[in-house]
Amino acid sequence: MRHLLAQNENPFGPLPSVRAALMRAIDGLNRYPEFRPASLTRTIADWQGVQPGEVLVGTGSAGVAHDLFRGLLSPGDRVIHSDPCFDVYPMLCAMAQAEPVAVPLGEDARHDLTAMAERIDERTRLIVLCNPHNPTGTVYTWDELTAFFALVPSSVVILLDEAYVDFAPDLGAPEVATRLADWPNLVVLRTFSKSHGLAALRIGYAMADAGIVERVTPHQVPYTPGQLQLAAVRAAIAADDEVRQRIRLISHQRDRLRQRLTALGWSVTPSRTNFLWITTGDPARLDLARAALERYGVAARLYPGRAIRLAVGDQVANDAVVTALSTLKNESTMPVDVTLDHIELYVEDIASQIDRLTTGYGFDLLIPPSPRAGYEEQLSALLGQDGIRVLLTQPLSPAHPGTGYLRRHGDGVADIVLRVADAGATYTELVERGADGLSRPVEHAGCVAATVSAFGDIGHTLLERAPGVPEGRIPGLPDPLPVRGGGVGLRTIDHFAICLPLGELDKTVRRYNEVFGFSTIFSERIEIGALGMDSTVVQNADRTVTFTLIEPLSVNSGGQIVTFLADHGGAGVQHVAFDSRDIVVTVGTMAERGVPFLRAPEVYFDRLLDRLTPMRHSVRQLQDLHLLADQDHDGQLYQIFTRSEHPRGTFFYEVIERAKARTFGSNNVRALYEAVELQNNSARESTG
């Protein structure tokens, strides 16, 4: 399996500072650790504001729980826990020869605290509560928990498993020291496996009354944990801001993933963890879901007849989950059979745009500027290169819709034309699903065209060509010449980057999911200081139409998306990305032809090898042309953006080369911000 989402692991690797600390600690591996982990105990006690005598450390939270069961239970004692619960607890009952008392969850997928209190008897010695709950992700507030604690005799230990508590920081619980003072029979269990991403190092700890710790310590294996764990914990504690940033990213992705799955018709319990609990009224559907996930390389945890539990993974893994489960959606969201035909740009000066695209970008002029029969006064010209077709339209009349478009936005993409087999039937289907019809089907010279709304002032023309009609015919224009086959190596349109006002992203994604039947293949939040954006990528069935939909984090967040929306006058296509066969050759040729490109700071390339080793091109080649490099689980991506020549600076192009990568270079956004900041700091220091 490529995507391991069955064990609730953190998708991020060790933080750089933790990695460095571990490398330094490796030199001491020939030495035994402390007989009892006094240094690690003190470190955690100081961090949590408790006394060292109130801390137990061990091999993960499961290891500490094992020690607690051995130290606190005798054969025949009873342990109350939920059903389902963290798998380890029934196992530990068996090992301690204790009797498990499994209490089913309530209808809200939370502990049934009333039923648990009713099951307490003279043989009960331990009650296990997971908050947040594993495996459902639900929570109780501190007030709700303490109301339950008051019902528990002081002779019964309450084991409060808070393995995922960092993902739910707003539950109202006081500091641990206060909790222990108020509830001497309380044990708080935590781990460095989840939010800190150190599962392989097996670092768990519990905080409890010193009397409980004294009872358990003799049952612990000496010489564990060791110096690697100590080094990692100290570095992880010191990197608290970075850990919290990762928690925010995971939590955001969790909520977005839940939203995407809910849109597909799955029942997903609201979660305060790094995983999701997916249920359905049909147990057989769970088996189908697991099979679909496995086909897409996703390992998930199936609770037979109950649910599937899925950890939140990286972007590629989350996209695989959505793609897999979208294969089981009902027919009302089945995709409409469309493919990308061409794009139409409204322009102020068609001659200058033809010159720019033919001279710099290597396009052939397939239809010279011509009037278009059946339309308002205008000139249109078609350009092409390999599989790319760009229609330029210059309005010649105030009544032409392009005149108003240009006044509001300036030159830009106005229509993303979709090829269909039956324009009339497709138009009717889309309107029935909720699309706004802009123009009904009209036949002209063997073609049928109809238009529905897309976003902002952009539409989707549905274009049907009858059998025998010349390839590439556009209604009202002369038939195009064939592409000569030269060019600069641009092949297809890889994707469109579309900026949306705040609050429009989710609605636009749902429209493409529910009206057009597009699949959501990628979703991400990028936060860099006060700047940032949310993005979701949707794609049609044959992958010829890919929209990267972007909205700012807030109207006051600043950055390029907010600037675009202000200068462009609302939603629109920020850039069109062209796929290239060899980006070094293509960009080198375009640069020689006078196309201006954005330049990455030199420090970006100084730090590049810290992130990846380029496979297709050398660092020198990338640096010479200012090409950016990124990678995901499937491969690598190379990209560069042209410098906008738009009067408002609101439209440009991207050149991209995919070496099997499926994502969109989001790591480059962070790397560029960091590189620019480092360069600015260096400049300030040199002048200071």
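Analyst: One definition to start: Ala, Val, Leu, Ile, Met, Phe, Trp, Tyr, Cys and Pro count as nonpolar, Asp, Glu, Lys and Arg as charged, and the others, Gly among them, as polar. This is a predicted model, where local features need pLDDT of at least 70, side-chain atom pairs count only at pLDDT 80 or more, and totals for chains, interfaces and linings use all residues. Residues are numbered from 1 along each chain as its sequence is written, and side-chain values use heavy atoms, with hydrogens and water left out.

User: How many cavities of 30 Å³ or more does a search of the whole structure find?

Analyst: Three. A cavity is a set of points on a 1 Å grid over the protein atoms alone where a 1.4 Å probe fits but cannot get out; lining residues have an atom within 4 Å of a point. Points are joined across faces, edges and corners, and a volume is the space filled by probe spheres set on them.

User: What volume does the largest cavity have?

Analyst: About 60 Å³. It has 10 lining residues, and Arg-260, Leu-264, Val-322, Asn-513 and Thr-520 are the closest to its centre.

User: What is the lining by class?

Analyst: Four nonpolar, four polar and two charged residues line the largest cavity.

User: Which elements each supply at least two residues of that lining?

Analyst: H10, H12 and strand E23 (519-528). Helices (H or I, at least four residues) and strands (E, at least two) are DSSP runs, numbered from the N terminus.

User: At what angle do H10 and H12 cross?

Analyst: Roughly 15 degrees, with the axes of H10 (residues 240-263) and H12 (residues 315-326) coming within 10 Å. H10 is therefore roughly parallel to H12, a term for angles under 35 degrees. Axes are lines fitted to C-alpha atoms, for helices over the stretch in contact, and angles run from 0 to 180 degrees between N-to-C directions.

User: Which residues meet there?

Analyst: From H10, Gln-253, Leu-257, Arg-260 and Leu-261; from H12, Gln-315, Asn-318, Asp-319, Val-321, Val-322 and Leu-325. Contact means heavy atoms within 4.5 Å. The H10 and H12 contact has five nonpolar, three polar and two charged residues.

Definitions and conventions:
Parallel < 35°, antiparallel > 145°, perpendicular 65-115°, else oblique. 1 Å grid on protein atoms, 1.4 Å probe; cavity = no way out; pocket = protein on both sides within 12 Å on 5 of 7 lines; lining within 4 Å.
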